[in-house]
Amino acid sequence: MSNTYLKPSSTTTRKRQVSSHEFNTKSLRKFVEIVVDTEVSQRLIPILSTAAANNTVLDLQDILQRFAFDNICKIAFGHDPAYLLPDLPEAENIIKEKKQELRNKPSLETVDLLSRFLSSGHSDEGFVTDIVISFILAGRDTTSAALTWYFWLVSQNPEIEKEILREIIDKSESPVYEEVKDMVYTHASLCESMRLYPPVPIDGKVALRDDVLPDGTVIKKGMRVLYHPYAMGRLEMLWGPDWEEFKPDRWLQRAGDGVGNDGKWSFVGRDPYSYPVFQAGPRVCLGKDMAFLQMKRVVAGILRRFKVVPAGEDALLIRHFKKDLLAYAYIMTRY
Ligand code: HEM
């Protein structure tokens, strides 16, 4: 079995190799932490505080998309779009400006992804534009969709919300990396939320050549092969008879179960082939760690201060908005 249907073209492979190297540096992680913390404290929290004070309803998904877009632009090319501004520049112009900036100030400590690509000798504008655009597409809608469903599920499960609060309440305002890593219950609850509502619910590849799948299915060149994380997250044979329940515990073990220590939770991951929310194998998501870092910081920043209450059942709202009501929420200050 040659598994050709999973093999990307050589240009795609090169883009992936270049990106993968830049993604896995410690300095990029530090940069992501600074960007996310600034966006949380200076933009997200003030907007939510105003909504809470005025008892207004927010379209939380829209807010989270704006948040994710600002973040990914700052991380990808060190540019703050402040989303609401009407004169968003084209990516191509940003790349030209960035090249100029690097030429003028060779010693500049620019740590965004675009600077890293250009400084490490990848000067082909088309090539770099493709990489940066794929980051923006990959990084904006995924985390915002994940978090919208997450806040909805948490609001429906007060016991789970209490457990998350117990974990985040003793962390610093801007948790350091070790503290975020230590948020295992929050991590498990995010995995569980994405099991039921995966941000990429269906995905696929096109066969480059004829192939045969491990179960004997014949794949002809040009055929599409799809996989379905939404359906797989709801399979009884994978998750048991309680697959319908939002149960972070299925990702955890307590000390005394032979894993972990001090009576703390410890995280027990699932293999990516039965939980392909971030894909599996050679094309697995490059931003997975970055996504968890961002989402855990947002969850800690919001839930320690606010309670998110869905506004979807408010009859007046239903008449007013007439669209995806799940996303609308009242924000209540916790204390
Ligand atoms: C909860 C959040 C996220 C989920 C569920 C997710 C899921 C996925 C999936 C399913 C793929 C495979 C797509 C395919 O090959 O058809 C993918 C690829 C990718 N993701 Fe993510 N993603 C998330 C967040 C992010 C973030 C924040 C970034 C960072 C910018 C990112 C960067 C990428 C990149 C660069 C690829 C392409 C990898 C390649 O070229 O092989 N992702 N992601």
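**Pro 310 and Ala 329 in the predicted model.** In this predicted model, Pro 310 lies opposite Ala 329, a residue of strand E9. Strand E9 covers residues 328-333 and is joined to E8 by five bridges. The two strands run antiparallel.

**The open sheet of three strands.** The strand order is E1-E9-E8, and the pairing is antiparallel. Strand E1 (57-59) and strand E8 (306-310) are the edge strands; each has a single partner strand, so one side of each is left without a neighbour in the sheet. On average, neighbouring strands of this sheet are turned by 40 degrees against each other, direction ignored.

**Helices H2 and H6 on the sheet.** Helix H2 (residues 26-54) packs on the sheet and touches E1, E8 and E9. The direction of H2 makes about 85 degrees with that of E9. H6 also packs on the sheet, where H6 touches E8 and E9. The angle between the directions of H6 and E8 is about 90 degrees.

**Residues around the ligand.** The ligand has 22 residues around it, of which Ala 138, Gly 139, Thr 142, Cys 285 and Gly 287 come nearest. Two or more residues of this shell are given by each of helix H1 (10-23), helix H6 (125-156) and helix H12 (288-303). H6 gives the most, with seven residues.

**Composition of the shell around the ligand.** By residue class, the shell around the ligand divides into 12 nonpolar, seven polar and three charged residues.

Methods. Residues numbered from 1 in each chain as written. Predicted model: local features only at pLDDT ≥ 70, side-chain atom pairs only at ≥ 80, totals over all residues. Near = placed C-beta within 6 Å. Helix = DSSP H or I, 4+ residues; strand = E, 2+ residues; numbered from the N terminus. Nonpolar A, V, L, I, M, F, W, Y, C, P; charged D, E, K, R; others polar. Pairing = 2+ DSSP bridges. Axes fitted to C-alpha atoms, helices over the stretch in contact; angles between N-to-C directions. Contact = placed C-beta atoms within 7 Å.
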